Amino acid sequence: MQLSTKDHGEIRIVKVGEQRIDAAIAIQFKEAVRNCAAETTERLVLDLSDVNFLDSSGLGALVAAMKLIGPNCKLELAGLTANVERVFRLTRMNTVFRIHASAQEAIGGSAPLADVG
Amino acid sequence: MNDARSRVCVSLTADQHAVRDALAELTEALGAAGLPDAAIGTAELVLAEVLNNVVEHALSGLSQGRIEVTLRIGDGTTIAKVWDDGHPMPGHALPTGDCPDTQADINELPEGGFGWFLIQSLAQDIRYTRQPDGNLLTFTLSNDMAQDYP
């Protein structure tokens, strides 16, 4: 699972390096996203700009990850490609997740991201 | 029937990684036939949901189960046939494809049940037939560029 993490204050940006979030990797993806949230993370923003395919298994994995991360950390999404955005729109999951145009927009500024560890 | 410009047939086993490989082959054929990206994206999603359902339900517990997908790519539409030698659909009928309730409380949000909703939202003329040797699902997909990301 290719996930890389950068912190910006209490916002943690997770760049998803996988091109597909599908039934073949849904369970591993859910666990990997869950494990990205640190105790001090208030907002976990998944940058999905490299993901060009997401099926209902992938959607289910995101919903499950949001529940697992719990009430103290918000799971948000950024950089949805056209194919991925459509799945959220058709299922109305775009009303459940906060969705940003890009990771940069999610952190609300243009300052460079600091590497974690 | 459509006047097929090209036809592609892929056989696969009951495995999610085999589904990935099959989808790559099928979308390559759609691209080679000149379909726009939006139509290819629609076809890939519908085929993925159908094949995932076959692997998870029809061929559940049947490691030797077989699936065959045929696409007849015509000028305006693509006709898909998906056959498998697994268990029949419950009641020998198509699921209703209602959208799960996404306006529920966070802890009550559905984590599944979207597959048939997406299939029925994006494909047309969906028909299921239980045959003596397996299941046959047929459906039609639009190749139209105007159908830009419904």
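How many bridges join S1(B) to strand S2 of chain B, and do the two run parallel or antiparallel?

Modeller: Keep in mind that this is a predicted model. S1(B) and S2(B), the latter covering residues 66-73, run antiparallel and are joined by 8 bridges. To pick out one spot on S2(B), look at B:Val69, which is the bridge partner of B:Val10.

Now zoom out to the sheet. It's an open one with 5 strands in chain B, paired antiparallel, and the order reads S1-S2-S3-S5-S4. The edges belong to S1 (6-13) and S4 (124-131) of chain B; each has a single partner strand, so one side of each is left without a neighbour in the sheet. On average, neighbouring strands in this sheet are turned by 15° against each other, direction ignored.

Next, the helices. Helix H1 of chain B, residues 16-32, lies across S1, S2 and strand S3 (77-84) of that chain. Its direction is at about 175° to S1(B). Helix H2 of chain B, residues 37-58, lies across S2, S3 and strand S5 (134-142). For H2(B), the angle to S5(B) is about 165°.

Technical notes: Residues numbered from 1 in each chain as written. Chains lettered and ligands numbered in written order. Predicted model: local features only at pLDDT ≥ 70, side-chain atom pairs only at ≥ 80, totals over all residues. Heavy atoms only, no water. Pairing = 2+ DSSP bridges. Helix = DSSP H or I, 4+ residues; strand = E, 2+ residues; numbered from the N terminus. Axes fitted to C-alpha atoms, helices over the stretch in contact; angles between N-to-C directions. Contact = heavy atoms within 4.5 Å.
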